[in-house]
Structures are given as C-alpha cells and as structure tokens.
Amino acid sequence: MLGFLKEPVVVTAEINVNLVALTVMGLITRLWGLCYPRAVVFDEVYYGQFVSLYMKRIFFVDDSGPPFGHMLLALGGYLGGFDGNFLWNRIGAEYTMNVPVWSLRLLPALAGALCVPLAYQILVELHFSHCAALGAALLILLENSLITQSRFMLLESILIFFILLAVLSYLKFYNLQRHRSFSGRWWFWLMLTGVACSCAVGVKYMGLFTYMLLLAIAGLHFWHMIGDQTLSNVSLLCHFLARGLALLLIPVVMYLSFFYVHLALLYCSGPHDQIMTSAFQASLEGGLARITQGQPLEVAYGSQITLRNVLGKPMQCWLHSHTNTYPIRYENGRGSSHQQQVTCYPFKDVNNWWIVKDPGMQQLVVSNPPRPVRHGHIVQLVHGITTRYLNTHDVAAPLSPHSQEVSCYIDYNISMPAQNLWRVEIVNRESDTDVWKTILSEVRFVHVNTSAVLKLSGASLPEWGYRQLEVVGEKLSKGYHQSMLWNVEEHRYGKSQEQKEREVELHSPTQMDISKNLSFMAKFTELQWKILTLKNEDTEHKYSSSALDWITMDTNIAYWLHPTSGAQIHLLGNVVTWASANAAALVYTCLSLWYLIRRRRRIYDIPEDSWQLWVSAGGVCGGGWVVNYLPFFLMEKTLFLYHYLPALTFQILLIPVVLQHLGDHLCRSVLLKSMFSALIVAWFSSVYFVYCTFSPVTYGQPALSMTELKDLRWKDSWNILIRKQ
C-alpha cells in the first residue's frame, strides 16, 4: 500500500524568465521612491478627500464615476492605518505623520507595474513573437506618462490594469476554445474576463468602452461558431449560456456589489447627502435620520408637515411662507395679488411648517383614530404660523409670467375669492388607494380650480422676496418633472387647536424608523442616477486640454513643484513612443486599406493566416485605441491629458504588431532585414534616451537647474515651471 513512497514526489514548474524580469522591472520603476514627494500631488487633493470620508464612514457622491476605484484607494489607506484626519485643501500641502503615503500610493503603483507583463502576454496570446511581445512590454515600461500616473493616488493606472487584464483573459479563453472547451482553465479565463470588465467599469465609466469592444469581439466569434457544422445545437446553446453568464450576468452582479459595499461602508450622514432624497437621507445615521426617527409614517388630516422639493436644484429647499406680501406692482408695472408670499426656502425654519386640513371641517388637529390622506384626496394646506391657506389663481407669477402666482390667501379684495383646494397625487404609488407617507411618497399638488401644479421654478426672487426661490402654479402640466414633486420630510400629529399653543408646538423639535423601508435597489437606483446626472459646472482649468492636443502631446500637466528648489513632476509622455504610436496607427490603417482593396481584386499579398493575425491584432489594439479615444470628442466635460492614457496603451501595443509585420512581409532580403533590425535598435535606443532625459520630471528628482529645465521644453506649448532667480 505504501509503495508510492519508494519514489520521490517531483513537482516541475515552467518559469517564463521574460515575464519575471519584466514584472521586476515594472515594480522597480513604479515603486522606487514612492513616498516622494511627501506632499499632495495634483488630483490627490481630490481623491484624498474621498479616502478620508471612507475612513470616517461619511456618505459622499462623486459625479466622476462608480465607487470601486475610490474603495481601492481607501483600502490602501486602511491597510496603512490612516485615520482620515488630513485637510486635503491644496496641491503641495505637506502630508502629516499620520498619513501613510506609501500605503495610499501602493495599489495604483502595483497596478501600473503589472501592466508591463500584461502587455507582454497580450502580444503572445495574439500569436506574435516573443521578441515583439518583449518590445511592447518595454515600451510600456519606459513610458514616462504611465510611470508618473501610476506613482500617485490616482485611478488611471488601476483602470488600465483591469482593461488589459480583461483583454488578456478573453484572449486566453479564446485560444483555449478550439481544443479545451469547458475545461477548468477555459472557465477560469472566461469568468476572469467578466470580473475584470466589471472592475474596469467600476473604476471609471471609460472602462465601459473596452467592455463593449470585448462584447463585440465575443459576439463576432460566436457568430463564426454558429457556422461550425461540427457543433451541435446543444453545444452552441451551452456556449451561449456560458458567455451570457460570464460576460453579462457576472459584471452586472459585481457592479451592484460595488455599490452595496460602498453604501454599507458609508452609513453616516455628511454634507454630500443633502442632494439625495429625504428617504435616502433618513437611511443614514445622524442628520435627517436623527430628526425623523420616531415621527408618524402616515400623513393624516391635522398633520403638521414640512414639504421638501424633490428636484434639489439649484439647491434643496422647503415650501415656505412668511408675513410679507407680494409688491402691489412689480418694476415692469405688472400688478400682483398683494397676497402673502409663498417661496421655497433653502434652510430649515419654523415658517416651513404646514397643516394638512380637511376642507369639510374646521379642526386643525389629528382625530382619534387618525384619518389618513390618500391618493386623490382633496386637502387645504394651512401655513402653521400665519394660518393662511395655500392659494393659487389666474395672476401671473412674479418671475414666470406664463405661470400662476402662488400665495397664502388674504382677503384684500372680494373680487379675488379664495382658491385653496389641492388634490394630492402620489406619483410613486402602488395603487390608487395608497396612503400619503412621510418621506417615502413623492406627491404632486394639483389645484382643483385651475388644474395648475405646484412647482419650483428655480428662479431667485428680488430683495422684496429675500432672494428665496420662486414657487409657481404650472398650467397644463403633463408628466412628473421633479420640480413638481414634493415629499414630507418632518411630520408630527397636531394636538393643539389654539393658535398660540400650536405655535409653541411648531417650534418644538420632532421626534417609525424610515430607513428599513428603503431597499438597497432603491438606494442604488437613486445614487446611480445622481452620479450620472449631477454634474459640476465645467470650468476652464490651467492644464485642461482638447482631445486633439493629446495625439501630438502638445500639452502637459504640472503635478507638483518643490516649494524651494527646481524639483517638479510633470505628466509628460515619451516623445519618441508617442510619435511611433501615431505612425504605427497610420501605417496599420493604410496597409489594411491596401490589403482590402487588393483582396477585393483577388490579389493576396500575404498568407491567409498572416491576414487573420493582422486583422485580429488590429481589432484588439487598434479597436482599443479607437473606443478609448474617440468618445472624448462627444463629451462635454473638462478634459486632461491623463484621459488619453488608456487609449495610448492600446496604441503602444500596435507598434510591435506593425514592426513585426513589416519585418516579416516587406523586408524580404537578408540585407533589408539586417538594416531593419539596426533601425529598430537605434529607434529603441532613442526611446530609452528620452525616458532617461525626462526621468527627473517623471520622478521629481534630482532637482534640475533653470538651464536644464529650459532644455526640457522641447515644445513651446509645454508649461515647464521655472523659478525666477
């Protein structure tokens, strides 16, 4: 039984020395001097704020994209023991001792380093020579802009890593397709493709374009499989379901999981949650949750409520009134009702309280048992402090003359009777008998007499209106624009019929936990919508640029400047590599068109397998450049040079593809091949020379003199910082 022990157990392993060496060199170039400078570098001032909020569990919204990349940066801070206490207020601010700089910058640096061996493997899986694959990896290794971007607490290197990982995983899966379908390795690489795609999209939405490219390539490959008569219908169905599971279902589930973890970590209220709905705010600890805890859920006749506009733009505000009236005449001579002003006020105030009254009864308190207000019920809204009724009529609004004025009724003129009946329409109801609920219900108030809808116009009133926001009655309104929707934020059951006692009640703070009624999907949907629609005002930045500037690198970004010496860090690419990448793209396009025209004439210049290799490499490398670059021409946002780096990475991969093709098919004689090889060596030497020349502004050290800095200004458009002596 123990005979197997007579022989030694031998384990053999194959080690790709090229891969190991490239990985080590990638780690050296990205990790060397990672803590330098020990100061905030460019967009670290932006991402660092979110890392601090993660450490303190405070909710935030970043309109630049999904949360996975931010969570990875925060993971670095967590592993380094960061407590979140640092004021990220300016570029160049010195980090205090509690900030683990090396740990915060580690994950982006590791991602940038691993892009080097990934580039090597992608070319190998595309069936190019190891020499070509090695050239691609070395070009990525010596690309100054990729080094700079990966050495700081920024997201581009992480995005590029997951993009390349997704491409490599799919290529490995596809190469296993013919002989080892449904094997363990086949499943592993297919699943990893979906995981990497979801991670890329989770870091930045730009990852979506590479994901769509891989879906298109996978769809094309499956289309070819359908024509394979050796595959049965059952086999095709299994292939289809496997791809659907790995490339569609898994990315969706993982994308949702990023938000689930994000929301689970950020459970405390903070300044960012004010743009969210009241229901979302109430689900967070502190803030609104502290106010709303214990208040009644169902709005009843006699309820005292505050009404928040759902839109939240130009700022969150509550339906408000005060004793001041509209001017008898406006500056343009147009007259008003001279009734009590109704506005939307961006601060919590006792004048934001309203009482829901039954038009058929005089009482302003909740009966026992309470009579809940339902969808379609007619109510009057009584202003708590002044006891005037919310009213609208056929008088033009102050700033929106096409809409009706909204006021609190004062009987100044018997020819202007009260028109203060409003129909409650619950927009997000599940049935027509739904009860009006605190926080959860989004409500339209439709004026019974004129069918106008209570709406926030968003315009700021003049001095006589204290610059508060105008509220109007929108005529003939269809649909449910958020400016017409209101929700009850604070709510109590009124108990005092006497006005003086009621005023005391209105001044006292309110005390049913709403959070359990808001599901994860509801929170995810709202947060996702905010990320997609909440855009900051685009402003010109000193280092912003257009997409056309990127191809020729006519722009740069100064990331950091030493406060006393000439040491500085710039986002500048390797000029030779960028020019070569553009040339490779141009040569590939021209050659492809030439081959296509010739093949149309049934003239085949290269063997069929070489043509298929050429096309597949162009689809991956050229397609990756196109999908990561051209969309920026359609984007209305402030653009920077670093946005081009994912596209540049794919374009760099195209260089050895073109070079190998030229060497194999156009250099036919031994002499031409020798000359071509010599040119490649000279060209690569120039790449290394430029890398070394610009390494002082890539790593920020050593400090250069004024003359040396001037010598680095190879283009007049580059902004190299030179101190005046």
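With which residue does R429 form a salt bridge, and how far apart are the closest N and O atoms? The partner is D432, and the closest N and O atoms are 2.9 Å apart; a salt bridge here is a side-chain nitrogen of Lys or Arg within 4 Å of a carboxyl oxygen of Asp or Glu. The model is predicted, so local features need pLDDT of at least 70 and side-chain atom pairs count only at pLDDT 80 or more, whereas totals for chains, interfaces and linings use all residues. Residues are numbered from 1 along each chain as its sequence is written, and side-chain values use heavy atoms, with hydrogens and water left out.

The overall dimensions come next. The C-alpha atoms of the protein chain fill a box of roughly 105 × 80 × 70 Å along the principal axes. Its secondary structure comprises 20 helices and 14 strands, which are DSSP runs numbered from the N terminus (helices: H or I, at least four residues; strands: E, at least two). Of the 725 residues, 53% count as buried; buried means under 20% relative accessible area, exposed over 50%, and partly exposed in between, with a 1.4 Å probe and protein chains only.

In soluble globular proteins, nonpolar side chains tend to be buried together. A nonpolar core is defined here as a set of buried Ala, Val, Leu, Ile, Met, Phe, Trp, Tyr and Cys residues joined through side-chain atoms within 4.5 Å. The largest such core has 162 residues, of which F59, W88, I122, F162, I557, Y559 and L653 touch the most other members. Helix α7 (residues 156–177) supplies the largest share of this core, 15 residues. Leaving aside residues up to four places away in sequence, F162 touches F68, L72, A196, C199, A200 and V203, where contact means heavy atoms within 4.5 Å. Another core, of 30 residues, lies apart from the largest one and has W354, C408, F445 and L469 among its members.

Helix packing can be followed through α10 (residues 233–265) and α14, whose axes come within 10 Å and cross at roughly 100 degrees. The axes are lines fitted to C-alpha atoms, for helices over the stretch in contact, and angles run from 0 to 180 degrees between N-to-C directions. On the α10 side, Y255, L256, F259, Y260, H262 and L263 meet F520, M521, K523, F524, L527, Q528 and I531 of α14.

Helix α14 (residues 520–533) also contains E526. This glutamate is buried yet has no salt bridge, the nearest side chain of opposite charge being K530, 5.6 Å away; Lys and Arg count as positive and Asp and Glu as negative, while His and the chain ends are not counted. Beyond residues up to four places away in sequence, E526 touches M276, T277 and F280.

M191, in helix α8 (residues 184–203), touches L245, A246 and I250, again setting aside residues up to four places away. Its C-alpha atom is separated by 9.6 Å from that of P251, 60 residues apart along the chain. M191 counts as partly exposed because its relative accessibility is 24%.

The charged pairs complete the picture of side-chain contacts. Side chains of opposite charge can pair when their charged atoms come close, and the structure holds 16 salt bridges. E490 and K348 meet at 3.5 Å, N to O. This pair links distant parts of the chain, with E490 in strand β12 (residues 486–493) and K348 in the loop between β3 (340–345) and β4 (353–357), 142 residues apart. E490 is buried at 11% relative accessibility, whereas K348 is partly exposed at 42%. In the opening pair, R429 is partly exposed at 29% and D432 is exposed at 53%. Salt bridges that share partners join R308, K348, E489 and E490 into one network.

Finally, some backbone features deserve attention. A cis peptide bond joins Y36 and P37, with omega about -5 degrees, and P37 is found in the loop between α1 (17–31) and α2 (44–56). Another cis peptide bond joins N368 and P369, with omega about 5 degrees. R57, a residue other than glycine, has a positive phi near 65 degrees and is placed in the loop between α2 and α3 (68–79).
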